Amino acid sequence: MEEDAPTLPLPEPFLQFLEANDLDPSIYTAIDSTPRFIRLKPGFDACVEEVEKEVKCKLEKVQWLQGFYSLPPHVQIAGSRAYQEGKIYGIDASSGAAVMALNVSPGDHVLDLCAAPGAKLCMILDLLGDLGSVTGVDVARHRLAACRTMLQKYALGDRCRLFVADGTTFSVIPVGSRSDCKSFESGLEEKDDVFKEWTSRRPWKERRKANRSGIPQSLSKSQPPELIYYGRHSGVIGLAKGELYKTVSDVEMGSHGYDKVLVDAECTHDGSVKHIQKFENWGWGTFQRRVLDAERTDNLHVLQLNLLRNGFRLLKVGGSLVYSTCSLTLTQNEDVVEHFLKENVNAELAEIDGARNWPCKSGGIPKTWRFDPLTSQTSGLFVAKFTKVAI
C-alpha cells in the first residue's frame with residue numbers, strides 16, 4: 001500500500017476479531033476504492049445523462065447486474081432531481097445480487113422477512129411487475145415506516161403489504177391462500193369489520209387507543225403482526241380482519257406458503273465498509289459494544305438461525321429462500337447454514353443463476369458466495385440460496 005493511502009485506525013480488539021475470523025484488515029483501509037452504486041427504476045434508462053450532469057461525473061454501467069451503475073464514493077445522490085423524483089435508488093450492488101438470487105418471476109408471492117430500510121423490497125416489486133404480491137416484515141416500526149415512505153415515493157405499493165412483526169414468529173400466509181385456519185381474533189366477524197382502501201389516517205378509536213397506551217417501536221413475539229400498509233391489489237381489501245391473520249399448519253404451508261423468501265438477517269455489519277466508517281465519529285467504544293461483544297454475537301447467531309428457520313417454514317415446497325448478511329464472519333454465515341441444513345432434511349442448497357459471473361469468491365460451503373470490498377469493489381455480503389423439497 002502506498003504511504004499516502006487513506007487508512008482507518010483500527011483498535012487492537014477489532015484487529016484480534018479480524019484475525020480470529022480470518023478476515024483481511026486491508027478491507028477497512030482501502031475505503032476510497034469502493035464505489036457508490038445506484039439502480040435505475042425500470043423505464044428510466046434515459047435519465048442516465050441527466051444524473052451525470054447533476055452529479056458532475058460519469059456513471060459506469062455494472063456489467064454483471066442489470067440496471068446498476070457505479071459512481072465515485074464521495075458523490076452524493078440525495079440532492080439530485082432524479083433521486084427526489086423516484087427515478088433512481090441508492091443500493092449497493094451486492095444487495096442487488098442477493099435480490100437477483102431469488103429469481104423473482106411475475107405472479108410470485110414473495111416474503112421479505114427483514115424488509116427495512118426498503119431498497120431490496122423496492123427491487124423485488126420492480127421485478128414482480130403487475131402480478132403476484134410482496135409481503136414486507138420488520139420488527140422495528142419506525143424502520144418499516146421508512147419502507148412505506150419508499151413505496152409511496154416510487155409508486156410501488158399497489159401489490160405490497162407491510163407488517164410490524166417479529167420475523168422469527170411471523171405466520172401470515174400469502175394473499176389468496178385458502179385453508180382451514182386459526183385466527184389471532186376470536187368470535188364472529190362483524191359485517192363491516194373488513195379492510196377498506198388504505199389511508200394514512202387511522203380511525204378515531206385506534207388513535208385514541210394509541211394515545212392512551214403509547215406506541216412501542218417494536219413488537220414482542222407474543223403480539224400479533226400489525227398491518228401498517230397495504231396496496232389496492234395486495235389482496236387485503238375486502239378481507240375480514242380475522243381472515244387476514246389466519247394461520248395454517250406446517251404441513252399445509254407446503255402448498256399455501258410463499259414462492260420466494262428473502263432473509264437478509266440482522267448482523268454485526270462488519271462487512272459494510274461505510275457502516276464501519278461511522279464508528280470513527282461514534283467512537284470505537286460504541287463499536288465494541290455493537291460488534292465485538294461476545295453476548296451480542298451469540299444472540300445474533302440465535303436470531304439469524306431463528307429467522308432462517310421461520311422464513312423456510314413459510315416457504316412452499318419447490319420455493320426458494322435466499323439468506324444473506326453483510327457480515328463476513330463464519331459464525332453469522334456458514335455456521336448458520338450448516339446448523340440449519342443439519343436440522344432440516346427438506347432443505348437443499350441451490351445453485352444461484354449467474355453467480356459465477358459475479359465478482360466474488362465462493363463461500364466456505366459449496367454454492368454459497370461472498371462479496372468483499374477488495375475482491376468485488378462492493379460492500380461485503382454473504383449469500384446462500386435454499387430450495388424446499390418434498391419429503
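Let's start with helix H2, which spans residues 48-55: its buried residues are Val48, Glu50, Val51, Glu52 and Val55. Keep in mind as you look around that this is a predicted model.

What lies over the buried residues of H2? The cover includes strand E1 (36-40) and strand E3 (68-71), along with helix H3 (81-84) and strand E4 (88-90).

## A serine in a loop

Next, find Ser171 in the loop that runs between strand E7 (160-164) and helix H7 (204-213). Is Ser171 buried or exposed? Its relative accessibility is 16%, under the 20% cut-off, so Ser171 counts as buried.

The side chain of Ser171 has polar partners to look for. One is the backbone oxygen of Thr169, reached at 3.1 Å. Another is the side chain of Arg313, joined to that of Ser171 by a polar contact of 2.8 Å. Setting aside neighbours within four places in sequence, Ser171 is in contact with Lys246, Thr247, Arg313 and Leu314.

In soluble globular proteins, nonpolar side chains tend to be buried together. Here the largest nonpolar core has 47 residues, and those touching the most other members are Leu121, Ile124, Val134, Leu151, Leu162, Trp358 and Val383. Several elements each supply at least two residues of this core, among them helix H4 (93-101), helix H6 (141-153) and strand E14 (381-388). Helix H5 gives the largest share, 7 residues.

Zoom in on Leu151: beyond its neighbours within four places in sequence, its contacts include Leu121, Leu125, Leu162 and Tyr229. There is also a second, separate core of 39 residues, which includes Ala165, Ile173, Phe195 and Leu349.

Notes
Residues are numbered from 1 along each chain as its sequence is written. This is a predicted model: local features need pLDDT of at least 70, side-chain atom pairs count only at pLDDT 80 or more; totals for chains, interfaces and linings use all residues. Side-chain values use heavy atoms; hydrogens and water are left out. Buried means under 20% relative accessible area, exposed over 50%, partly exposed in between (1.4 Å probe, protein chains only). Helices (H or I, at least four residues) and strands (E, at least two) are DSSP runs, numbered from the N terminus. Contact means heavy atoms within 4.5 Å. A polar contact is a pair of N or O atoms within 3.5 Å; within protein, one must be able to donate a hydrogen and the other to accept it, and residues adjacent in sequence count only if both atoms are side-chain atoms. A nonpolar core is a set of buried Ala, Val, Leu, Ile, Met, Phe, Trp, Tyr and Cys residues joined through side-chain atoms within 4.5 Å.
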